[in-house]
Structures are given as C-alpha cells and as structure tokens.
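Welcome, and please open your viewer. We will go from one selection to the next and look at what turns up at each stop.

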Amino acid sequence: MQRANALNRLDRLPVSRFHKVTLLAVSFAYFFEFADINTFATTAPKLIDLWGITVDQIAYVTSLSFVGMFIGSVVAGTMADRWGRKRTLLLTTLFFGVFSFASAFSWDLVSLGVFRVLTSAGLAAMTVVAVIYVNEMYPSAVRGKFQAYAIVIGICGTPATNLIASAVVPLSDWSWRLVFLWGSLGLLLVLFTRHLKESPRWLESRGEHAAADEVLREIEARVGAEKGPLPAPAPPVEEAPATRTSLRVLLQRKYLMPTLLLTVLWVTQTIGFFGYSSWAPTLLAKEGFSVEKSVFYVALTTVGAPLGSYLAALVTDRFERKWCLVAFGTVIALCGLLYGLTFNPLLIVVFGFLVNLFERGYTALGYAYSPELFDTRGRSLGTSVSYGLGRLSNAAGPLIVAALYNGHGYQSVFYFIAGTWLVGAIVLAAFGPRTRPKRVPVNQPRRESVAG
C-alpha cells in the first residue's frame, strides 16, 4: 500500500479542538508527574523528626530514585517502539500512580524507598513517552509551543503539591501520607483514553500504512468539520519501514552525536534542577528555618514555574531553540548562585522564584528540542536513553550535595549547582544543532530531517 504520508498530513492541519483535547490529556499526565516528583522532598523534613532519618539517608533514597528513573526511561523507549505511543503513555502513568499510592502506606524508610524508586521509574517513563507523543502528533510549526503549553498546565502540579504539603504535613504525625495520595491521582488519566489517538507516524514507521491512514482520516474528519476544507498535503517521500530497533542503532553516527549532546543537556538539567527542588526544604530547615517556613518558602518560589513554561511557549517557535536553552541555562546559574548566597527570606523567595521560572522554561524547551534531533526510527530510543542517562547521573548528585553540605557548608552546594548549569549552556552553544524548520512552499515534498 502507498505510504499514509503522516508527517505532511499532520503538518498541514490547523490547530483545532482535537489538538486542544490532546493537549489537555497530556497536561493532566504532566500535572501529576510534577505533583508527584516533589512529594518526597516536601515530606522529608517531617520524616527527619518522626523516623530520625539523616541527610545522608535522604540522599541515598533520592539517589536510588534516579536509578529507577533511568530504568524507566530506557524501558519506556523500547515499549513505545513496540506497543505504541498511546498505550505506553497510559501504562506508564498508571504505573507511577499505583506506586505513589503505595507510598502513602509505607512503614519505614526502606519500604518508602522501594515505593519511591518504582514511582520514579514510572514518572520518567511517562515523561519520555509524552515528549515523543506531542512531537509526533502536532504540526512542526507549533509543536514547540504546544509542548510548552502542556508544561505550563502540568507544572502547576509543583506549587500545588508544595502548598498542599505546607498545609497538611504539620497537621499530625500521619498527615504527611496525604501528600503521596495526592500524587497518585495521575491514575485518572484513564478517563482520557478514548480522546487519545495512536501516533500515525509510529504506525507508518512500522509499515502499518492502512492503520495509519485510518487514524489520519478520523483526525482529518474532525478537524475538517470544525475548520472547513483542508489544504492538500505535500507529496510523501518513499521510505522503507523501520525494522525492530535495538540500542545498537544509537552507535550510528547520525544517532550517536545527538544522543551524546542530549545526555549532557539532561545530566546538567537533572543535577541542576533536582539540586534545588529536592534539597531546598531540607537545607533551609538545617540552616535554622522551621519545617513550616522552609516548605512554605519553597512553595512560594515554585509559583514561578508555570510562568516559566509560558515564557518558553512565547519564544520556542519564534527563536532558535538551541540559543533559548543557552540563555535560560545561563540565567538559572546566576539566579541559583544568588539564591544560595542569601539568608534573607524575601531574597530567597525572589531568587528561588526566578530559578523556577527559567528552569521550567528550560525544561519545556528541552522537551521540544530533544526529539527533533532524531528521525522516527531513532526518536524513541534516542530520547529515552539520553533522558534516562541524565536521570541516572543524579544517582550521584544527591550524594555530592550531601558531601558538599557536610564538608563545606550550605553555600558550596549552590556553587556546584550553578556550575552544572553553565557547563550545559556552554556545550549546547558549542555543539548543539539548530532545529528551527525552514519554511517551505505548501505543496513541495518535505523530508523528515533533523527537525521532522
């Protein structure tokens, strides 16, 4: 059968209700991913008092969680290639929701650690699949914007969790468990099942042209009914179906170089971001602020997160994503350093707000940028492995933070974190390819290039 021409048929669609409903579903998954990812950080100060755990023990649990993220990311890449983007998105969201729910019933640090490792595996897996799904379902001219819009909505889960934690954690010796129950509500993504469509580009890459055409016709019918007659797509480019993809394919030069670059991007982002978000409540409490105040200050700083994602939405399809990432990373390093050099509550909130604003903008840009460096055959594995290696790197990050804090004090932690952001910005500036698509006439063939 003739190719379904998924890329060009999706690219010429105007933004419609279909795209907005898909955005809502992905945003819902993101919301509870971001809500759940900080649950341990916000409850750790309370557990120090209740269970007598130490900063080093918190570091070990956090480190093991990132090992779980690595495993989840790599497994998700394989699952998404074998079972499809939609099914894997649903399964991974259900997985992290179930184990977040189990975390609420943990009875000691070991049981909580096991549940958090499994939850983290699901969180990272869901993120990888959601990034790929948005990249493949939206027109290339607006996919960066919609990736950022999903983060704008999703990132609200971070301040929501922090504010909920600041209200419920101090209530009693058991109320910290409610924070994990809140994080488990991602299970409700099943309510969106019938609104999500399988990626036609994934179906086409497997040679399932009839199935891809069927999905495309249904999407086109919905969009056409709302927007009127659709323009003709560019002619298809004949390509052989992708064979079963193994990790060895990433050793090919066209996949190896972007995988290495993105690994640096996600290593520095992971250590930099989680250095702030995972440790700020605990370190502030250790420096003399009460548990209630430390959690509340951090909750106020995370209000900047949705605004940062919105800022990314404004610039992502207007300017070259590579240079946006470089600029955002540099600003984060500066604001993060200033955050660590002050003990004034107002300045802590101000600089923490700016860190959250630009960091979540950076993450939204990174989510749009990463899958653009690969074609359909390598997109799932390349994105998942680089993202997973970034998360795995932070198995060492919390141990480094704990060692720096215990050996050299509070401010040394923030020198280290600022340095990681600068390294990422420099590497991207030197080696990052441009991905902003060149405009082409509507009916000219368009090959799936780096930005395809």
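In which helix is Y410 found? Select that residue to begin, keeping in mind that this is a predicted model. Y410 lies in helix α20.

**Stop 1: Y410**

Is Y410 buried or exposed? Its relative accessibility is 4%, and buried means under 20%, so Y410 counts as buried. Y410 and L341 are 69 residues apart along the chain, yet their C-alpha atoms are separated by 8.9 Å.

**Stop 2: the rest of α20**

Next, colour the buried residues of α20: Y410, S412, V413, F414, I417, A418, T420, W421, G424, A425 and L428.

**Stop 3: α2 and α7**

On the α2 side, pick L23, V26, S27, Y30, F31 and F34. Facing them in α7 are F146, Q147, Y149, A150, I151, I153 and G154. What kinds of residues form this contact of α2 with α7? The set divides into 10 nonpolar, three polar and no charged residues.

**Stop 4: α6 and α17**

Move on to helix α6 (residues 109-137) and helix α17 (residues 345-372). At what angle do the axes of α6 and α17 cross? They cross at roughly 70° and come within 9 Å. Angles of 65 to 115 degrees count as roughly perpendicular, so α6 is roughly perpendicular to α17.

For the contact itself, select T127, V131 and N135 in α6, which meet Y367, P371 and E372 in α17. These residues divide into three nonpolar, two polar and one charged.

**Last stop: the whole chain**

Zoom out and show everything as a cartoon. The chain has 20 helices and zero strands. Of its 452 residues, 61% count as buried. Consider finally the contacts with a separation of 6 or more: residues 24 or more positions apart account for 86% of them.

Technical notes. Residues numbered from 1 in each chain as written. Predicted model: local features only at pLDDT ≥ 70, side-chain atom pairs only at ≥ 80, totals over all residues. Heavy atoms only, no water. Contact = heavy atoms within 4.5 Å. Helix = DSSP H or I, 4+ residues; strand = E, 2+ residues; numbered from the N terminus. Nonpolar A, V, L, I, M, F, W, Y, C, P; charged D, E, K, R; others polar. Buried < 20%, exposed > 50% of the residue type's maximum accessible area, 1.4 Å probe, protein only. Axes fitted to C-alpha atoms, helices over the stretch in contact; angles between N-to-C directions. Parallel < 35°, antiparallel > 145°, perpendicular 65-115°, else oblique.
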